[in-house]
Amino acid sequence: MFLIDSILLAPLKGIVWMGQKLSDMAQEELSDEGRIKEELMRLQLQFELDEISQPEYDRKEKEILDRLDFVTNEREKEI
Amino acid sequence: METATKEGKYIYCVIDSNQPQSFGPLGIGGRGDQLHTICFNDISAVVSDAPMKKYRVSRENSLAHEMAIEKVMTEYTALPVRFATVAEDQEKVRRILTREYDKFREMLNDVRGKVELGLKAMFQENAVYKDILERYGNIRLLKEKLAQCTPEKSHYERVQVGKMVEEALQTEKEIVKADILSVLEPLAAEVKINDTYGELMIVNAAFFVEKKREADFDQQIQKLDDKYAGKARFKYVGSLPPFNFVSIRINTEDY
C-alpha cells in the first residue's frame with residue numbers, strides 16, 4: 001500500500017494526497033460538463049508545464065473530449 | 001451515413017481596419033484556408049472558409065484559433081471572437097458587423113494599446129513541504145510521532161496531519177499570492193484571477209497592461225522570480241490576445 005511506505009520516508013506528499021482523495025471520493029465522478037472541462041484545463045496545464053509528453057497529452061485529451069461530446073450530446077437529446 | 005457539411009465563415013476576431021486583405025493560410029482545420037477580412041465601415045471581421053460543424057476544444061483547434069488572432073494582432077487591434085463561431089456566409093458576417101458596429105467600435109477603442117499577460121506561479125514541491133515542516137512545529141511533532149506507529153493504528157491521525165498540511169499549504173499560498181499581486185496589480189489596467197489547478201499552484205492570473213508599461217511589468221516579474229528562486233516557479237506568457245478581458249459572443253442564429 002502506497003501510504004505505508006511513503007509516510008516514513010517521504011516528505012508529506014502522501015498524506016496530502018490522501019486528504020485529497022478523501023474529498024474527491026465525496027464528489028461524483030463523470031457527471032457534468034463543468035467537471036470534464038476542468039479536467040481538460042488541468043491536463044492542458046500539465047502539458048504546458050512539461051509534466052506530460054505530447055503523445056500522452058493527445059491520448060488523454062481525446063479521451064476527455066469524447067466524454068465531453070457524449071455528455072453534451074446527451075444533454076441535447078434531453079432538450 | 002455521412003452528409004456533406006456546409007461551408008461557412010469561421011470568425012476569429014474583429015479589427016479596426018477597412019482594408020480587404022489576407023493574413024495567410026492559417027485557417028482552422030488544417031486545410032490551408034486563407035484568413036481574410038470582411039469589411040463594414042472602418043471595421044472588419046477576420047474569417048476563413050470552414051465547415052459548419054461542431055469544433056472540439058482540442059489543443060490543435062484552440063491553437064489554430066489563437067494563432068490566427070495573434071497573427072492579426074501583430075498589425076491591428078483585435079477583439080477576439082469566441083471559439084467556434086461560424087456564420088453561414090459573407091452576407092451574414094456583414095450583417096453582424098452592421099448591427100453591432102457601435103458596440104465593436106467602442107470595445108476596440110477600449111482595448112487599443114493594451115496587451116494581455118498571463119502569469120501562473122507554482123510552489124516547488126519539495127521545497128514547500130520542507131519549508132512547512134520546518135516552520136510548523138505542530139505538524140513536525142505529529143509527523144515524528146506517527147512515524148513510530150503502524151498505519152493501522154494511526155489512520156485517524158494520518159488524515160489529521162494531511163488536513164493540517166493542506167491548511168498550512170493554503171496559508172502559504174495566500175501569503176505569496178498577496179505578495180505577487182501587490183507588486184503587479186498597480187501596473188495593470190485590469191486583472192483577472194482565474195481558478196488554480198493542482199495543490200501547488202499559488203496564483204493563475206491574467207493582466208491587461210498598457211503596452212508602454214509592459215517592460216516595467218516584465219522587470220517586476222523578473223524580480224519576483226529572483227525573490228522566490230528555489231521556492232516557487234513562474235510561468236509567464238506575453239502579448240496574448242485579450243481572451244480574459246474581451247470575448248465577443250455571437251449567436252449567429254440571431255442575425
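Predicted model: local features only at pLDDT ≥ 70, side-chain atom pairs only at ≥ 80, totals over all residues.

Biologist: Thanks! How many helices and strands does chain B have?

Modeller: Chain B has seven helices and 10 strands. Both are DSSP runs numbered from the N terminus: helices are H or I with at least four residues, strands are E with at least two.

Biologist: What makes chain B more spread out than a compact globule?

Modeller: The globule rule is 2.2 Å times the number of residues to the power 0.38, and the radius of gyration is taken over C-alpha atoms. For 255 residues the rule gives 18 Å, but chain B comes out at 24 Å, well over that value, so chain B is more spread out than a compact globule. Its C-alpha atoms fill a box of roughly 75 × 55 × 30 Å along the principal axes. An automatic or database domain assignment gives domain 1 (7–112) and domain 2 (116–240) in chain B, with 37 Å between their centres, taken over C-alpha atoms.

Biologist: Why is strand β1 of chain B called mostly covered?

Modeller: A residue is buried if 20 or more other C-beta atoms, placed from the backbone, lie within 10 Å of its own; it is exposed with 12 or fewer, and partly exposed in between. In β1(B), residues 7–15, eight of the nine residues are buried. For chain B as a whole, buried residues make up 32%.

Biologist: And how do you know that β1(B) pairs with strand β4 of chain B?

Modeller: Two strands pair if DSSP finds at least two bridges between them. β1(B) and β4(B) (residues 43–51) run antiparallel and are joined by eight bridges.

Biologist: What makes a group of residues a nonpolar core?

Modeller: The group must be a set of buried Ala, Val, Leu, Ile, Met, Phe, Trp, Tyr and Cys residues, joined through C-beta atoms within 7 Å. The largest such core has 32 residues, and B:Tyr12, B:Cys13 and B:Val46 have the most contacts inside it. β1(B) gives the most to this core, with six residues. A second, separate core of 28 residues includes B:Tyr129, B:Ala168, B:Ala205 and B:Phe217.

Biologist: Where does B:Ala205 sit among the strands?

Modeller: B:Ala205 is in β9(B), opposite B:Leu119. Strand β9(B) (residues 201–210) is mostly covered, with seven of its 10 residues buried. Nine bridges join β9(B) to β7(B) (residues 114–123), and the two run antiparallel.

Biologist: Last one: why is helix α4 of chain A said to lie largely in the open?

Modeller: The number of buried residues among its 25 is zero, so α4(A) lies largely in the open. For α4(A) (residues 54–78) that gives 36 Å, and the end C-alpha atoms are 36 Å apart, which agrees.

Technical notes: Residues numbered from 1 in each chain as written. Chains lettered and ligands numbered in written order. Expected span 1.5 Å × (residues − 1).
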